[in-house]
Amino acid sequence: MNINDVLVTGTEGAASDYPIDNWGLLVALLLVALAAVISAVLKLGVERRLLWATVRSLVQLLAMGLIISYVIQVNQWWLVFALLGVMIIAAVQITLTRGSGLPKGLVPPVFLTLLASAVLMFSVVVELIIRPQPWYAPQVVVTMVGMLLGNVVSAIAVAITRLFDDMRTRRYEIETMLAWGATPLEAAMPSITSAVRLGLIPTIAQLASSGIVLIPGMMAGQIIAGGDPVQAARYQFVVLAVISSLTALADTLIVMLVYRVAFTENHRLRTDL
Amino acid sequence: MGQVGEPRPVLEVTDARCHVRHGDVQKDIFAGLSLTLYAGQIVDLVGPSGSGKSTLMECMAQLNADADATMTLDGRSADGFTPEQWRTQVAYVPQRPVLMGGTVAEAIRYPFTLRVRRDSSVRVPDDDTLRRALDDIGLDDVELDRSPQDLSVGQQARVCLLRTLLTGPKVLLADEVDAGLDPDNAMRAAHLLKRAADEGMAVCRVRHREPDGMAMRTLELADGVLTDVTGRAAVGVAKTTAASNDTDTTDTTDTTDTTDTEAQA
């Protein structure tokens with residue numbers, strides 16, 4: 001396997017009914033370039049970021065494709081988990097750069113949250129629902145956990161950003177509540193609720209709209225690859241439902257793990273919040 | 001006051017200190033301050049803005065992340081309290097009124113919903129008690145089911161003060177709660193605190209207004225030093241009508257230590 005295989009034919013088997021050749025990639029890139037031109041003409045100022053993000057996504061996706069096909073070829077459980085580990089570490093970094101106005105010391109809780117949701121995803125979806133052979137089948141495990149991480153990263157980045165934003169705007173309210181004898185949890189609770197809720201909104205919206213205005217990528221991919229559409233729909237539902245619930249869990253977990261960062265050990269609100 | 005015998009110390013503070021850090025620069029706002037608040041007394045804390053009066057109050061209520069002190073409450077060391085228990089007894093009322101909840105009644109009862117009061121002896125005030133308490137402080141036109149956001153700032157300040165008083169702390173630290181009030185309403189707030197003190201509460205007020213005759217002692221915090229200016233403040237009453245600043249009045253008036261007060265750095 002070399003990079004040329006990936007670029008010319010796609011990996012063997014997958015999406016082989018209608019493979020995307022290099023012209024296809026080029027057309028897609030040209031369309032992004034068109035969007036960049038629009039951005040430049042309208043002075044939106046996002047053209048550089050758009051082009052950069054597009055190039056990054058192309059490179060990252062192709063790299064991921066190569067890596068997954070390598071892992072499938074080697075077919076060893078430890079390699080699968082090593083890859084998951086790298087994905088989780090990258091997800092920690094992406095979560096923290098996406099969030100804004102975050103205090104220090106969030107790496108351990110974010111890592112723990114992503115790890116916990118990945119472990120749950122693996123045990124529930126992969127081993128309980130799909131039950132692949134072998135149990136660590138990389139084409140199932142890596143893709144499923146990858147989809148989950150994508151969702152969880154966006155959700156918890158939103159949640160923790162909102163949590164600390166809200167606590168900053170509620171600063172006087174929090175101080176007043178602490179003065180009444182409220183625990184840090186009681187004083188932070190309104191912010192916690194609003195952060196968890198905000199983190200969940202995209203996930204719920206995605207659940208409700210799937211199938212009507214949107215055929216999710218995974219289902220689309222299976223159908224294009226020649227899979228049975230109804231089977232693809234079942235797959236997609238399981239994935240969406242489990243991802244939603246795990247995202248909700250991750251959302252709650254991260255917020256409960258990090259709200260204390262805003263307080264000192266002896267239950268006072270930090271001045272440098 | 002009409003009290004016989006020695007005043008009973010409630011809150012004893014020694015070595016109150018506050019350090020703030022701006023990057024690498026360490027700054028002492030104050031250090032080594034001592035003071036005692038007695039049952040049934042109102043003490044005024046005055047001084048130029050920025051001198052750390054609010055910080056000192058937050059320090060006494062264990063609320064300020066940069067300040068600490070060695071303290072006892074009724075002779076019991078602060079170490080024996082959780083921060084939450086301590087704050088129910090040494091209650092700080094911040095300058096900025098914050099009322100949460102959909103109605104005035106809900107806003108006043110909010111502190112009673114906290115875990116720290118779940119098995120406390122202080123009973124949740126019923127509607128009649130709230131009504132009477134509001135009437136008492138000139139808020140007879142404020143309905144219990146009104147939204148607290150509709151109240152004027154002055155009304156909100158009094159409701160906040162009332163809310164904390166109803167929780168029955170031993171020490172009340174009122175941070176400029178009369179700042180936004182007109183003279184009439186400021187006087188009502190003062191009477192509310194006076195009544196609490198008469199019932200045995202130790203009250204400390206940060207004030208910028210002219211002395212209102214309620215305080216038994218006046219302490220001044222300036223340049224990190226706490227001085228008993230009770231005598232001077234009395235002189236200040238006469239003078240402040242002309243010069244609003246009573247800090248630079250003659251220093252010939254000696255601070256006669258009738259009450260064996262502390263107040264030194």
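Two strands are said to pair if DSSP finds at least two bridges between them. Helices and strands are themselves DSSP runs, numbered from the N terminus: helices are H or I runs of at least four residues, and strands are E runs of at least two.

The structure is a predicted model, in which local features need pLDDT of at least 70 and side-chain atom pairs count only at pLDDT 80 or more, while totals for chains, interfaces and linings use all residues. Residues are numbered from 1 along each chain as its sequence is written, and chains are lettered from A and ligands numbered from 1 in the order in which they are written.

**View 1. The parallel neighbours of strand β3 of chain B.** Strand β3 (residues 42–46) of chain B runs parallel to strand β9 (residues 217–222) of chain B, and 4 bridges join the two. In this pairing V43(B) stands opposite R217(B) of β9(B), and L45(B) has L219(B) as its bridge partner in β9(B). β3(B) also pairs with β8(B), again in the parallel sense and over 4 bridges. There, the bridge partner of L45(B) is V206(B).

**View 2. The side chains of β3(B).** I42(B), D44(B) and V46(B) point one way from the strand, whereas V43(B) and L45(B) point the other way. A residue is called buried if 20 or more other C-beta atoms lie within 10 Å of its own, exposed if 12 or fewer do, and partly exposed in between, with C-beta atoms placed from the backbone. By this rule 5 of the 5 residues of β3(B) are buried.

**View 3. The open sheet of chain B and a helix packed on it.** The sheet has 6 strands in the order β6-β7-β8-β3-β9-β10, and its pairing is mixed. Its edge strands, β6 (90–93) and β10 (225–228) of chain B, each pair on one side only. Neighbouring strands are turned against each other by 20 degrees on average, direction ignored. Helix α6 (residues 183–198) of chain B packs on this sheet and touches β3, β7 (171–175) and β8 (202–206) of chain B; the direction of the helix makes about 155 degrees with that of β8(B). Axes here are lines fitted to C-alpha atoms, for helices over the stretch in contact, and angles run from 0 to 180 degrees between N-to-C directions. Touching, or contact, means that the C-beta atoms of two residues, placed from the backbone, lie within 7 Å.

View 4. P48(B) counts as partly exposed because it has 14 C-beta neighbours inside 10 Å. Its C-alpha atom is separated by 33 Å from that of D150(B), 102 residues away along the chain.

**View 5. The largest nonpolar core.** A nonpolar core is a set of buried Ala, Val, Leu, Ile, Met, Phe, Trp, Tyr and Cys residues joined through C-beta atoms within 7 Å. The largest one has 125 residues, and M60(B) and L173(B) have the most contacts inside it. The largest share of this core, 18 residues, comes from α6(A). Leaving aside residues up to four places away in sequence, M60(B) touches L11(B), V13(B), A69(B), M71(B), V90(B) and L173(B). In soluble globular proteins, nonpolar side chains tend to be buried together.

**View 6. Two packed helices of chain A.** Chain A contains 10 helices and 0 strands. Two packed helices are described by the angle between their axes and the distance between the axes. Helix α3 (residues 47–74) and helix α6 (residues 138–169) of chain A pack at an angle of about 145 degrees, with their axes 9 Å apart. I68(A), V71(A) and I72(A) of α3(A) and P138(A), Q139(A) and V142(A) of α6(A) make the contact. These residues divide into 5 nonpolar, 1 polar and no charged. In such counts Ala, Val, Leu, Ile, Met, Phe, Trp, Tyr, Cys and Pro are nonpolar, Asp, Glu, Lys and Arg are charged, and the others, Gly among them, are polar.

**View 7. The two domains of chain A.** Domain 1 covers 1–74 and domain 2 covers 76–273, bounds that come from an automatic or database domain assignment. The C-alpha centres of the two domains lie 26 Å apart. Their contact takes 9 residues from domain 1 and 10 residues from domain 2. The side of domain 1 that touches domain 2 has 8 nonpolar, no polar and 1 charged residues.

**View 8. The contact between chain A and chain B.** Chain A gives 18 residues to this contact and chain B gives 22 residues. On the side of chain A, the largest share, 6 residues, comes from helix α7 (residues 171–179). By class, that side has 6 nonpolar, 7 polar and 5 charged residues.
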